[in-house]
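Here is a short note for a colleague opening this structure for the first time. Please read the points in order, with the model on screen.

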Amino acid sequence: MSDFIKENNYLDHAATTYVRPEVLEKMLPFFSEKFGNPSSLYDIAQESKNAIEEARETSAMILGCHPSEIYFTSGGSESNNMAIKGIFSNNTDFNVISSLIEHHAVIHPIEQLSNIGITTSFVEVDQLGLIKLDNFKKTINKSTKLVTFMYVNNEIGVIQDLKEISKIIKKYESDNNCKIIFHSDAVQAPGKLSLNVDDLGVDLLSISGHKIYAPKGVGLLYKRNGIDVEPLISGGGQENQMRSGTENVPYIVAFAEALRLSELERLENEQKMKKLSDLLISGINSRIKNYKLNSSRENCVPSIINLSFPGFDGESIILGLNFKGIYVSSGSACSSASIEPSHVLSALGLTEEESLASIRISLGRETTEDHIHEFVNSLEDVLAQLSSYKR
Ligand SMILES: Cc1ncc(COP(=O)(O)O)c(C=O)c1O
């Protein structure tokens, strides 16, 4: 564990995580003595190539797929772009369906597609953030080529029922004798939920390393064999022609090790997160009068908790907590530099004021009960201090 993590109260794991020591240890040799280019013929190159193939097998085992269906990328954004743009490169007279609460790494590529004439539909969610399945059923039509719904939302933690969505797609396919491709941005799911692609019924799935204690800048796209996706990057033909460029061997090795550990620890982690999030919510409930819980407990991963404090400004709460060594975020970390209300919270029906009064707390493997108590105490202090400025 890093000194920073030991000395502070880091509660922003949905934004990113540090590289855990076991992962760092595994990747380090590939920066120095095992530096060969996997495409070369001699022995150190073979060592690199074997390490990538081992990482592919490990990843495939966790996703329950064939290793040839795993493509390493630079992370969640690239995997999403590859899936979404790669499907449509030769097909402009088609339709793509997504939801109003996707990450910008899904929304923006879809908006780019709409600029070249592809029709796009964003399905609404209910107050809890669950996709309105009746609306979805009405939106699918004969020109639907791709459906992309995230597995776990990064701002509120809501889990979409991908199995059920896949059943709806399969029924439409069999009634209409067509094929619709189903992609999911699963960046926030590893270590929290099962990633078995056949159980989930997905054709494409995106994962990122830096949410699971691997470095930033590495991830994967699962692509079911037989699904046609045009590569985003062409060149030397690495990753079976799907993603050219000399492979980032240390990061790929690190990613697979982090994914393996996250799956190994998943059930134990789930129980721990549930206990800690219950403690956090009951602490807030007993100490803070006016708050709104934006993450329903039944449908969300316990480690992501989104709260609004009406009358307060989320950014000021974050900075007040930061002063005390506590790290949380507002809305999506990837857009936290802006003070626009979150599109996710707006889709749930929150007012602009409620949205700007929100913070996200996301727990991690090193979070303890003491961290939760410290957070609740400090939050109470920060809110009291901010109230005193208002008077
Ligand atoms: C749900 C979701 N999708 C995609 C991304 C982008 O992933 P990356 O940072 O690996 O590009 C993130 C990052 O926050 C995310 O939370």
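1. Start with Asp3 and Lys6, which form a salt bridge with their closest N and O atoms 3.7 Å apart. A salt bridge here is a side-chain nitrogen of Lys or Arg within 4 Å of a carboxyl oxygen of Asp or Glu. Both residues lie in helix α1 (residues 3–7), three residues apart, about one turn of the helix. An α-helix has 3.6 residues a turn, so residues three or four places apart point the same way. Lys6 is exposed, at 54% relative accessible area. The classes are buried (under 20% relative accessible area), exposed (over 50%) and partly exposed (in between), with a 1.4 Å probe and protein chains only.

2. A word on the basis. This is a predicted model, where local features need pLDDT of at least 70 and side-chain atom pairs count only at pLDDT 80 or more, while totals for chains, interfaces and linings use all residues. Residues are numbered from 1 along each chain as its sequence is written, and side-chain values use heavy atoms, leaving out hydrogens and water. Helices (H or I, at least four residues) and strands (E, at least two) are DSSP runs, numbered from the N terminus.

3. How many salt bridges are there by this rule? The count comes to 22. One of them joins Lys132 to Glu124, at 3.3 Å from N to O. Lys132 is partly exposed, with a relative accessible area of 32%. Glu124 is partly exposed too, at 39%.

4. Now look at Arg224 and Asp198. They form a salt bridge, with the closest N and O atoms 3.0 Å apart. This pair links distant parts of the chain: Arg224 sits in the loop between β8 and α9, Asp198 in helix α8, 26 residues apart. Arg224 is partly exposed at 23% relative accessibility, and so is Asp198, at 48%. Both belong to a network of salt bridges that also links Glu173, Lys179 and Asp203.

5. Turn to helix α3 (residues 43–63). Its 21 residues should span 30 Å at 1.5 Å a residue, and the end C-alpha atoms are 30 Å apart, which agrees. The expected span is 1.5 Å times one less than the number of residues.

6. Which elements do the buried residues of α3 pack against? They pack against β2 (70–73), α8 (197–200), β7 (204–208), β8 (219–223) and α9 (249–264). Contact means heavy atoms within 4.5 Å. The buried residues of α3 include Ala45, Ala51, Ile52, Arg56 and Leu63.

7. Check the end of the helix as well. Just after α3, Gly64 takes a positive phi of about 65°.
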